[in-house]
Amino acid sequence: MHFLALCWFLFFIMARVTLVFITGARRNLPRFADEAREANHNLVALIGEVAKRKNAMPAQVALAWLLAQKPWITSIPGTTKLHRLEENIGGANVELTAADLQELADVMAKAPVTGERYNAQMMKTVNR
């Protein structure tokens, strides 16, 4: 699974957001289509459960998962809101156990993130 796919997903569709709330360019991204959001629901729900157990936000769990993959990996904040940046920084303090990581890996192995990151038109502009 792509390391950033999990984080990207959580930041925007944690509560199975309806298309009404997905604005701008995201409306045209396959990852935010109804079918993709439905297919990814189990993973999103599990991350929410882990977040509750850790007294953390789902995005913080996603960032903690990212840091657990390789210590030198970093995310690139995409927020324009200071309180979200501060919340995201808290992900460095979330400790995922081996059991937590295995639980997430098991769900991802059964149902990898569904939906391409970009639509066909946008893919033409990638890696040019």
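# Reading a helical chain

Mentor: In this predicted model, the chain exposes about 8300 Å², and carbon and sulfur atoms supply 57% of that area.

Trainee: How many helices and strands does the chain have?

Mentor: The chain has seven helices and zero strands. Along the sequence the pattern reads α-α-α-α-α-α-α.

Trainee: What share of the residues is buried?

Mentor: Buried residues account for 33% of the 128 in the chain. As for contacts, take those between residues at least 6 apart in sequence: 73% of them join residues at least 24 apart.

Trainee: Take Leu96. What is Leu96 in contact with, leaving aside neighbours within four places in sequence?

Mentor: Its partners are Val50, Lys54, Val61, Ala64, Trp65 and Leu101.

Trainee: Now the loops. Where is Asn55, and what is its phi?

Mentor: Most residues other than glycine have a negative phi. Asn55 has a positive value, near 55°. Asn55 sits in the loop between H3 and H4.

Trainee: Is Asn55 buried or exposed?

Mentor: Exposed means over 50% relative accessible area, and buried means under 20%. Asn55 has 74%, so Asn55 counts as exposed.

Trainee: And Asn40, buried or exposed?

Mentor: Asn40 is at 1% relative accessibility and therefore counts as buried. Asn40 also lies in a loop, the one between helix H2 (34–39) and H3.

Trainee: How far apart are Asn40 and Val107 in sequence and in space?

Mentor: They are separated by 67 residues in sequence, with 10.0 Å from C-alpha to C-alpha.

Trainee: One more asparagine: where is Asn119?

Mentor: Asn119 is in the loop between helix H6 (98–110) and helix H7 (120–123). The Asn119 side chain reaches the backbone nitrogen of Gln121 at 3.2 Å.

Trainee: What does Asn119 touch, not counting residues up to four places away in sequence?

Mentor: Asn119 touches Asn28, Leu29 and Pro30.

Definitions and conventions: Residues numbered from 1 in each chain as written. Predicted model: local features only at pLDDT ≥ 70, side-chain atom pairs only at ≥ 80, totals over all residues. Heavy atoms only, no water. Helix = DSSP H or I, 4+ residues; strand = E, 2+ residues; numbered from the N terminus. Buried < 20%, exposed > 50% of the residue type's maximum accessible area, 1.4 Å probe, protein only. Contact = heavy atoms within 4.5 Å. Areas by Shrake-Rupley, 256 points an atom, 1.4 Å probe, with all protein chains shown as cover. Polar contact = N/O pair within 3.5 Å; in protein donor to acceptor, adjacent residues only side chain to side chain.
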